[in-house]
Amino acid sequence: MKERDSLFRDPQQIVDFAFDQRVVDVFPDMIRRSIPGYDTIIPVSGLILANHLQDGDLCYDLGCSLGATTLAIAQRLDAKRCRIIGVDNSEAMLNKARKLLDHPGVEFQQGDIRAKQLLPAQAVAMNFTLQFIPPDERAALVKKIYACLKPGGLLLISEKIQSAADGGESNFESIHKQYKLANGYSDLEVSQKRSALEKVMITDSLEAHRQRLQQAGFTTIQLWFRCLNWASLLAFK
Ligand code: GEK
């Protein structure tokens, strides 16, 4: 059974958010109640990425947490035999991921995705992870992903994005807050979690994402999902 997230329920001294054991215990509940569209993005990511893979191909899931995207890809491979490597730097996350997911072709590796050497791959998933990388290190990481992809390779990247002040997006943050309240979080929980994330989760605009991907060399960039201030992009080499 999924444990309910009440980490920020009681008034507390706020420290920077970390993917530790307490977060791992409530993670599936936390992420679903916080990210609009998560239950669509993950299975459809699996479909899109599995579709892009052929027998023998390698696919990375960077910042895999408990392996939700890793599993979604594996489940859509049918008879294709591919290798899927989920990478995360949280030992607590990977300990649980390994218990939850025992699937042929799937392996989990602990490491910092900024430092990790990536093998030639046909596809890379990076769902809600780049936003936790310090902004000045993002371009280098995206370039490294581009370099590891084979010609025609695909990067699928999902992120929270900064709403544009114009174009009718100015109220997305407030609707997102209402989304969390509607999912049972209190005002205090929302504001304490926001403070904990303030220095560790920094968002970019959709335009900044597109520019970074283009500068890394990706030729075709498609927005395939958008819900309020959450988006997912496909970038093809
Ligand atoms: C999902 N993709 O379920 N190196 C490796 N991992 C990192 C790093 C880093 N430098 N920084 C953060 N992480 C998943 C959800 S969660 C998103 C991804 C969220 C890891 C961190 O340990 C965590 O597991 C993950 O990135 C981000 O679709 O919780 O909002």
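Predicted model: local features only at pLDDT ≥ 70, side-chain atom pairs only at ≥ 80, totals over all residues.
**View 1. Helices α2 and α3 meet in a right-handed crossing.**
Helix α2 spans residues 38–51 and helix α3 spans residues 68–75. Their axes come within 7 Å and cross at roughly 45°. The two helices are therefore oblique to each other. On the α2 side, the contact is formed by Tyr38, Ile42, Pro43, Ser45, Gly46, Leu49 and Ala50. On the α3 side, the residues that meet them are Ala68, Thr69, Ala72 and Ile73. By class, the residues of this contact are eight nonpolar and three polar, with no charged residue.

**View 2. Helices α1 and α4 cross with right-handed geometry.**
The axes of α1 and α4 cross at roughly 45° and come within 8 Å of each other. This makes α1 oblique to α4. From α1, the residues in contact are Gln21, Val23, Val24, Asp25 and Phe27. Their partners in α4 are Ala92, Met93 and Lys96. The contact of α1 with α4 comprises five nonpolar residues, one polar residue and two charged residues.

**View 3. Arg32, Arg33 and Ser34 of helix α1 meet helix α6.**
Helix α6 covers residues 172–182. Its axis and that of α1 come within 8 Å, with a crossing angle of roughly 135°. Helix α1 is thus oblique to α6. His176, Tyr179 and Lys180 are the α6 residues that meet Arg32, Arg33 and Ser34 of α1. The residues of this contact divide into three charged, two polar and one nonpolar.

**View 4. The second largest pocket has a volume of about 370 Å³.**
Its lining comprises 19 residues, of which Arg32, Leu66, Gly67, Ala68 and Leu71 are the closest to the pocket centre. The elements that give two or more residues to this lining are α1 (21–34), α2, α3 and α4 (91–100). The lining has 12 nonpolar, five charged and two polar residues.

**View 5**
Three elements, β5 (149–162), α8 (206–216) and β8 (230–236), each supply at least two of the lining residues. The largest share, four residues, comes from β5. By class, the lining of this cavity has five nonpolar residues, three polar residues and one charged residue.

Technical notes
Residues numbered from 1 in each chain as written. Heavy atoms only, no water. Axes fitted to C-alpha atoms, helices over the stretch in contact; angles between N-to-C directions. Parallel < 35°, antiparallel > 145°, perpendicular 65-115°, else oblique. Left-handed = near helix turned anticlockwise from the far one by under 90°. Contact = heavy atoms within 4.5 Å. Nonpolar A, V, L, I, M, F, W, Y, C, P; charged D, E, K, R; others polar. 1 Å grid on protein atoms, 1.4 Å probe; cavity = no way out; pocket = protein on both sides within 12 Å on 5 of 7 lines; lining within 4 Å. Points joined across faces, edges and corners; volume = space filled by probe spheres on them.
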